[in-house]
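Please read the report below alongside the sequence and the coordinates, which are shown first.

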Amino acid sequence: MKNKFSKRIRTYLENKSFTWQMTNAILVLSFFLLIIAGVIWTKIKTIEFKQDKARLQSEYIESQKQLIETEVNRSMAYIKYRRSLTIEQMKSQLKVRVDGAWQIANNIYLENRNRKPAAEIQQMIKDAIRPLRFANERGDVFIYTVEGVAVMLPRSREQEGKPSLHHKDNSGNYVVQNEVNLLRMLDNGFIDYHISNHNKPGDSVLLKSTYVRKFEPFGWYLGSKDYLEDYNEELKAEILDWLSQIRYGEDGYIFVNTNKGEGLIYDGRKMPQPVNIYNSRNLYWIEAYRMQQKIYNTTRKGFINYEFRLLASDNIETKISYVNSLQDWGWIIGAGFYNSTIAPQIALMEQQSSQLKQQTLIIIVLICLLIFSIIFLMSRWFSRRLLRGFSNFNMHFRNASLTGSEMNPSDFNSLEFKELAKSFNTVSVELNHARKQLIKEQSLLRSLIDSSPDLIFFKDAESNFVGCNKAFSDYIGISEEELVGKNDNHFFPTELAEQYNQSDEDLLRTGVPIRNEQWIVTSNGNRQLMDTVKVLNRDKDGNILGILGISRDITDREIIQQNYKKAKEKAEEADRLKTAFLANMS
């Protein structure tokens, strides 16, 4: 009878999942640990009741400090986020302005290039773009040549037609020179100008941004600029509205003052106009502000304790506040709580603690002895069963790994181990297939690269060679294995190697592909014109792995072009002589 019952139990558990077995065992064990924890907790509460009261008070204060610090930091993060969006918005509007003006110019050019002289088309473009205004009339579009000569300046017509490469703005920046230098590398782009941050020595803040775009038909570029400060006032008003709506806890709110003694948000309300704190005759507010200003001028952020009026009341209570400073705007942002709000919380926690202690004690007395014996027996039985299962799986796993065979799911006595065996078999088959496919693809790719007559090479981010094709290896005169780890200084004259290294540095810094044509002398003494392209090699996440370069022999193409040029010149000379002869004859 006993053997039959044991067999039925074993069969029942073998059909249950490993998760079911583990969950039930943990539940029982957790219940046992809960009873023990309850006994210990009750004893500690009985002996150290007075000490717990002080601890609860300290924990409450710390939690409130964390709360107000979090609220203030969240507000600071929001402001920084909004300010970053403002910069993006300003740049986006600049790009829209210039691209729109560029489109106008391009449409005029395309419609008239075969019907009107270039000078007339240029004037039409200037007349169309000159009256354009943006951003409440403060923005416009200007035009310069790519050599830095002013073509059209809506607000400074007297400067049109004059070279402007050496023109400096009020901050001493060579603005036109910077724009011309940018467009030598790119067709369009932004230029940011910064000024010193008086709040953070050695740091700088954005003053203005300029966007320029090249207009190829006339060797021009169009551009527009704008100042960040023009956006800030409206942004400040929006942020103050948002901060005045923040509430936390029972009566928590955000307050904002300036480092010049002005109150912007008081008692959770945005002031219609900034209030001079020192003229408010509110001694508590003045004293609190002095503490805030001290934090602003020293540590920039921190906690302060002071006496202040309760919200919507005339009672004065001790208040703890956390303040942080937004130096760029001269703002002091803070939040606080009153010590008087702690007492009800402590009383409630004491009451709950007493009730929980009584309930826990009753439960422990009733079930402790029974649960202890049951859990002890079940945990030992389950642990042994689990250990046997893992040992059996580990043995079959090792055998299958060593022999390359599959695992037999029927060798295991639980659903999870059977599923693990099936998964192992599936992964093993897929892994072997993937390994073979990878070897095949690598071989195919290598064959394609080596069969190319172009010189192909790979470098890491330090400009050291990491590989090449057969054509490049033949050109250098060493094998690919000998090439790896070396750089251009090992194979080329110093001056030429420095040119190659500089182009690598420019590519890694800007990310813009580099292409150039250069005559070289091969190992057999022949001169060849090589067209070389260098691009960045990136991984799937966009991280730079190194440089990929391809050089193609275009000597024949160059010779054909030179011959064509000479033939064309001879034909033109013959035509000129013919015309002169006919003119003399007439």
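The sections that follow go from the chain as a whole to its cores, sheets, helices and charged pairs.

## Overall composition

This is a predicted model, and the secondary structure of its chain comes to 13 helices and 17 strands. Buried residues account for 35% of the 586 residues in the chain. When contacts between residues at least 6 apart in sequence are considered, 49% of them join residues at least 24 apart.

## Nonpolar cores

The largest nonpolar core holds 22 residues, and the members that touch the most other members are Ile79, Leu243, Val256, Trp331 and Ile333. At least two residues of this core come from each of helix 3, helix 6, strand 7 (252–258), strand 8 (262–266), strand 11 and strand 12. For Ile333, leaving aside residues up to four places away in sequence, the contacts include Val72, Met76 and Ile79, together with Ile254, Phe255 and Val256, and also Tyr322, Val323 and Asn324.

Strands 1 and 2 form a hairpin with four residues between them, and in the turn Gly148 has a positive phi of about 95°.

## Helix 5

In helix 5 (residues 175–185), the buried residues are Val175, Val176, Glu179, Val180, Leu182 and Leu183. Viewed down the helix axis, these buried residues fall within an arc of 160°, so they line one face of helix 5. An α-helix has 3.6 residues a turn, so residues three or four places apart point the same way. Arg184 and Met185, on the other side of helix 5, are exposed.

Five strands, in the order 14-13-17-16-15, form an open sheet in which the pairing is antiparallel. Its edge strands are strand 14 (465–468) and strand 15 (514–521), each of which pairs on one side only. On average, and with direction ignored, neighbouring strands of this sheet are turned by 25° against each other.

Helix 12 (residues 494–510) lies across strand 13, strand 15, strand 16 (527–538) and strand 17 (544–553), and runs at about 30° to strand 16.

## Salt bridges

Side chains of opposite charge can pair when their charged atoms come close. With nitrogen and carboxyl oxygen required to lie within 4 Å, the count comes to 25 salt bridges. One of these joins Glu238 and Arg82, whose closest N and O atoms are 2.6 Å apart. Glu238 lies in helix 6 (residues 229–244) and Arg82 in helix 3 (residues 49–112), so this pair ties together parts that are 156 residues apart in sequence. Glu238 counts as partly exposed, at 35% relative accessibility.

A further salt bridge links Arg83 and Asp328, with 3.3 Å between the closest N and O atoms. Arg83 lies in helix 3, whereas Asp328 lies in the loop between strand 11 (316–326) and strand 12 (331–338), so the pair ties together parts that are 245 residues apart in sequence; Asp328 is partly exposed, at 32% relative accessibility. Lys270 and Asp241 meet in a salt bridge at 3.0 Å, N to O, and since Lys270 lies in strand 9 (residues 269–276) and Asp241 in helix 6, the parts tied together are 29 residues apart in sequence. Both ends of this pair count as partly exposed, Lys270 at 31% relative accessibility and Asp241 at 40%. Elsewhere, salt bridges that share partners join Lys459, Asp488, Asp504 and Lys534 into one network.

Technical notes
Residues numbered from 1 in each chain as written. Predicted model: local features only at pLDDT ≥ 70, side-chain atom pairs only at ≥ 80, totals over all residues. Heavy atoms only, no water. Salt bridge = Lys/Arg side-chain N within 4 Å of Asp/Glu carboxyl O. Buried < 20%, exposed > 50% of the residue type's maximum accessible area, 1.4 Å probe, protein only. Pairing = 2+ DSSP bridges. Axes fitted to C-alpha atoms, helices over the stretch in contact; angles between N-to-C directions. Contact = heavy atoms within 4.5 Å. Core = buried A, V, L, I, M, F, W, Y, C linked by side-chain atoms within 4.5 Å. Arc of directions from axis to C-beta.
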